[in-house]
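Please read it beside the sequence and the structure shown here.

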Amino acid sequence: MGDLTGKTALVTGASRGIGRAIARRLAADGALVAVHYGSNEAAAKETVDGILAAGGRAFALQAELGVEGDVDGLVHALEDGLREHTGQAPRLDILVNNAAINAAGGPIETESPERFERLFAVNVRAPFFLVQRVLPLLRDGGRIINISSAVTRIALPETIAYSMTKGALDVLGHTLAKHLGPRNITVNTVAPATVDTDANAFWLRGNPETQELVAADTALGRVGLPDDIAAPVAFLASDDARWITGQVVHATGGCRL
Ligand code: NDP
């Protein structure tokens, strides 16, 4: 386990799924974690309570992403929370852009401009402007980690617009890494394949057939779990990853190699 004692972290979309696992792991490694959520207050509370019960430090903050003023609201809540929990001027060490949507889409023939814009507003515009807004808070030597997807490598025509949002995130990471190198801030991307979260519950949970299909497509022979993604994120956040920047880590168990 890395030592993040004394560090602060913001994980977007940390109320459930992969974000929750990342928040728990960073807190277990010693960081004070800001657990961001959109609307599921009870789930965010569960994440925070779990961290506190395990002896870690965390607080929840709400902000709907993809709407006017989203990033302003999030950053104000972050600053307030950090001030309250550290007793100092707000400073951030680790930003994990994890929150995203992938509402059932379709191929290019059936995609709508409204859905396309919503996907880009939540998955691309929000993380882009969140980085812009937290840069003054981010300490030199800090970490930015974006959660992308294996769909930037594996062509899935039925989720074309979602896949494009993740492609944009990969370019954001690569380009920011060069820009922020002089401040010793690393920027990396973690790309999962299928992970057992609420986002996939409708076709995966309680369905041995689809689970077997995913496992058969995966070198390591099973469906991914949120902790499988939290582990490489924690590594990239740690001092051990200080010489790694501008990279995409495919944490997929070897999906469709
Ligand atoms: P979940 O759907 O399980 O959780 C999504 C999280 O993001 C929740 O905390 C949710 O908050 C928050 N969120 C979603 N939309 C908004 C919004 N508009 N404003 C604010 N918060 C929002 O997602 P996963 O854990 O499955 O996915 C996490 C990341 O991993 C995403 O970037 C996803 O694209 C990526 N990924 C996931 C894969 C998978 O198989 N699960 C595969 C590849 C990539 P709330 O609880 O309040 O709704």
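A crossing is called left-handed if the near helix is turned anticlockwise from the far one by less than a right angle, and right-handed if clockwise. The model is predicted, so local features need pLDDT of at least 70 and side-chain atom pairs count only at pLDDT 80 or more, while totals for chains, interfaces and linings use all residues. Residues are numbered from 1 along each chain as its sequence is written.

**Overall form**

The secondary structure of the chain comes to 8 helices and 7 strands, where helices (H or I, at least four residues) and strands (E, at least two) are DSSP runs numbered from the N terminus. The C-alpha trace spans about 50 × 40 × 35 Å along its principal axes. A compact globule of 257 residues would have a radius of gyration near 18 Å, and the 17 Å of the chain agrees with this; the radius is taken over C-alpha atoms, and the globule rule is 2.2 Å times the number of residues to the power 0.38.

**Helix pairs**

In the table, axes are lines fitted to C-alpha atoms, for helices over the stretch in contact, and angles run from 0 to 180 degrees between N-to-C directions.

| Pair | Angle | Axes |
|---|---|---|
| α1 (residues 17-28) and α8 (residues 226-237) | about 45° | 8 Å apart |
| α4 (residues 113-134) and α5 (residues 160-180) | about 15° | 9 Å apart |
| α1 and α2 (residues 41-53) | roughly 20° | within 10 Å |

Angles under 35 degrees count as roughly parallel, over 145 as roughly antiparallel, 65 to 115 as roughly perpendicular and the rest as oblique. Helices α1 and α8 are therefore oblique to each other, and α1 passes α8 in a right-handed crossing. In this pair, residues including G17, I18 and R25 of α1 meet residues of α8, among them P226, D227 and A237, where contact requires C-beta atoms, placed from the backbone, within 7 Å. The residues of the contact of α1 with α8 divide into 11 nonpolar, 1 polar and 3 charged; Ala, Val, Leu, Ile, Met, Phe, Trp, Tyr, Cys and Pro count as nonpolar, Asp, Glu, Lys and Arg as charged, and the others, Gly among them, as polar.

Helix α1 also packs with α2, and these two are roughly parallel to each other, with a right-handed crossing. Here R20, A23, R24 and A27 of α1 meet T47, G50 and I51 of α2, and the contact has 3 nonpolar, 2 polar and 2 charged residues.

Helices α4 and α5 are roughly parallel to each other, and their crossing is right-handed. The contact is made by residues including F116, F120 and F128 of α4 and, among others, Y162, L169 and L176 of α5, and by class it has 13 nonpolar, 2 polar and 1 charged residues.

**Ligand shell**

The ligand is surrounded by 30 residues, of which G13, G17, G38, N40 and A100 are the closest; a residue is near a molecule if its C-beta atom, placed from the backbone, lies within 6 Å of it. Helix α1 gives the most to this shell, with 3 residues, and the shell divides into 13 nonpolar, 14 polar and 3 charged residues.

Methods
Two residues are in contact if their C-beta atoms, placed from the backbone, lie within 7 Å.
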